[in-house]
Amino acid sequence: MTKDKFGRPETSINFGNPSFTLVEWDETTTPDVIYSRGDYDEVCVIQKIDNAAGKISWAYGKWSDRTTLEYGDDRIFHRG
């Protein structure tokens with residue numbers, strides 16, 4: 001199966017989209033953290049936005065395991 005740079009399969013509504021477009025998010029499981037995913041497949045690219053640390057990081061794994069995945073540091077954003 002062909003996948004794009006975010007690991008989305010050809011059947012994804014966001015396949016080939018040059019940016020990460022989320023289809024679902026979770027902002028209640030971990031305080032000050034928002035998890036979002038770009039595909040409805042159980043195994044997908046997951047973005048972790050840590051508001052307390054001011055970091056955005058990424059992982060590839062099961063959406064159900066989002067709180068225990070190892071996230072790679074990708075970007076740091078600066079608050080105001």
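Author: Rings of Phe, Tyr and Trp (its six-membered ring) pair if their centres lie within 6.5 Å; planes under 30 degrees apart count as stacked, over 60 as edge-to-face and the rest as tilted. The model is predicted, so local features need pLDDT of at least 70 and side-chain atom pairs count only at pLDDT 80 or more, while totals for chains, interfaces and linings use all residues. Residues are numbered from 1 along each chain as its sequence is written, and side-chain values use heavy atoms, with hydrogens and water left out.

Reader: How many aromatic pairs are there by this rule?

Author: Applied to this structure, the rule gives a count of 1 aromatic pair.
The partners are tyrosine 35 and tyrosine 71, whose planes are 40° apart, so the pair is tilted, and whose centres are separated by 6.2 Å.

Reader: How many residues apart in sequence are the parts that tyrosine 35 and tyrosine 71 tie together?

Author: Strands are DSSP runs of E with at least two residues, numbered from the N terminus. Tyrosine 35 belongs to strand S2 (residues 33-37), whereas tyrosine 71 is in the loop between strand S4 (55-62) and strand S5 (72-76), so the parts tied together are 36 residues apart.

Reader: Is tyrosine 35 buried or exposed?

Author: Buried means under 20% relative accessible area, exposed over 50%, and partly exposed in between (1.4 Å probe, protein chains only). Tyrosine 71 has 13% and is buried. Tyrosine 35, at 2%, likewise counts as buried.

Reader: Which residue forms a salt bridge with glutamate 24?

Author: A salt bridge is a side-chain nitrogen of Lys or Arg within 4 Å of a carboxyl oxygen of Asp or Glu, and the structure holds 2 of them. Glutamate 24, in strand S1, has its partner in strand S2, 13 residues apart. Glutamate 24 is partly exposed at 27%. At 2.6 Å, N to O, its side chain meets that of arginine 37.

Reader: Which residue has its side chain in a salt bridge with aspartate 26?

Author: Aspartate 26 is buried, with a relative accessible area of 7%. Its side chain meets, at 2.8 Å (N to O), that of arginine 66. Aspartate 26 lies in strand S1 and its partner in the loop between S4 and S5, so the bridge ties together parts 40 residues apart, and the partner is arginine 66.

Reader: Over the face of which residue does arginine 66 lie?

Author: A charge sits over a ring if NZ of Lys or CZ of Arg is within 6 Å of the ring centre and within 35 degrees of the ring normal. Arginine 66 is buried at 16%. At 4.3 Å from the ring centre, arginine 66 lies over the face of tryptophan 63.

How values were computed. Helix = DSSP H or I, 4+ residues; strand = E, 2+ residues; numbered from the N terminus.
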